[in-house]
Amino acid sequence: MRTLQEVYGIATIGDFSSVIREEEIPESDVDILVTHHPGYATMQNA
């Protein structure tokens, strides 16, 4: 099975949300930062 990194050309995935900091409240969302390898501009490369 291919990983998300392989399928979408993802170099790094980071989470900087309140959930990771254990400060979440019921209205919290999850914030994710994704960087791609050269040649993969978007998540629409599948």
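Leaving out neighbours within four places in sequence, S18 is in contact (heavy atoms within 4.5 Å) with E23, E24, S28 and D29. S18 lies in the loop between β1 and β2, where helices (H or I, at least four residues) and strands (E, at least two) are DSSP runs numbered from the N terminus. S18 counts as buried because its relative accessibility is 15%; buried means under 20% relative accessible area, exposed over 50%, and partly exposed in between, with a 1.4 Å probe and protein chains only.

The structure is a predicted model, in which local features need pLDDT of at least 70, side-chain atom pairs count only at pLDDT 80 or more, and totals for chains, interfaces and linings use all residues. Residues are numbered from 1 along each chain as its sequence is written, and side-chain values use heavy atoms, with hydrogens and water left out. The mean pLDDT of the chain (the predictor's confidence in each residue, from 0 to 100) is 81, and 87% of the residues reach 70 or more. Confidence is lowest in helix α1 (residues 4–8), with a mean of 82, and highest in β1, at 88. Where pLDDT is low, the predicted coordinates should not be read in detail.

The chain contains 1 helix and 2 strands, arranged along the sequence in the pattern α-β-β. Of the 46 residues in the chain, 9% are buried. Among contacts between residues at least 6 apart in sequence, 43% join residues at least 24 apart.

S17 counts as buried because its relative accessibility is 0%. Beyond the neighbours within four places in sequence, S17 is in contact with D29, V30 and D31. The side chains of S17 and D15 are joined by a polar contact of 2.7 Å. A polar contact is a pair of N or O atoms within 3.5 Å; within protein, one must be able to donate a hydrogen and the other to accept it, and residues adjacent in sequence count only if both atoms are side-chain atoms.

D15, the partner of S17 in this polar contact, is placed in strand β1. With a relative accessibility of 33%, D15 counts as partly exposed. Not counting residues up to four places away in sequence, D15 touches I20, V30 and D31. D15 and D31 are 16 residues apart along the chain, and their C-alpha atoms are separated by 5.8 Å. The C-alpha separation between D15 and L33 is 6.3 Å, at 18 residues apart in sequence.

L33 belongs to strand β2 and counts as exposed, with a relative accessibility of 51%. Apart from neighbours within four places in sequence, the contacts of L33 are with T12, I13, G14 and F16.

One of these contacts of L33, I13, also contributes to a nonpolar surface patch of about 440 Å², made by L4, I13, V19, V30 and I32. Patches are made of residues with over 30% relative accessible area and no salt bridge; like charges are joined within 9 Å, and nonpolar side chains (Val, Leu, Ile, Met, Phe, Trp, Tyr) within 5 Å. V30, a member of the patch, is partly exposed, with a relative accessible area of 47%.

The structure holds 1 salt bridge, a term for a side-chain nitrogen of Lys or Arg within 4 Å of a carboxyl oxygen of Asp or Glu. The side chains of R21 and E23 meet in a salt bridge, at 3.0 Å from N to O. R21 counts as partly exposed, at 47% relative accessibility. E23 is also among the contacts of S18.

E22 lies in the loop between β1 and β2 and counts as exposed, with a relative accessibility of 70%. The phi of E22 is near 60°, a positive value in a residue other than glycine. Most residues other than glycine have a negative phi.

Methods
Areas by Shrake-Rupley, 256 points an atom, 1.4 Å probe, with all protein chains shown as cover.
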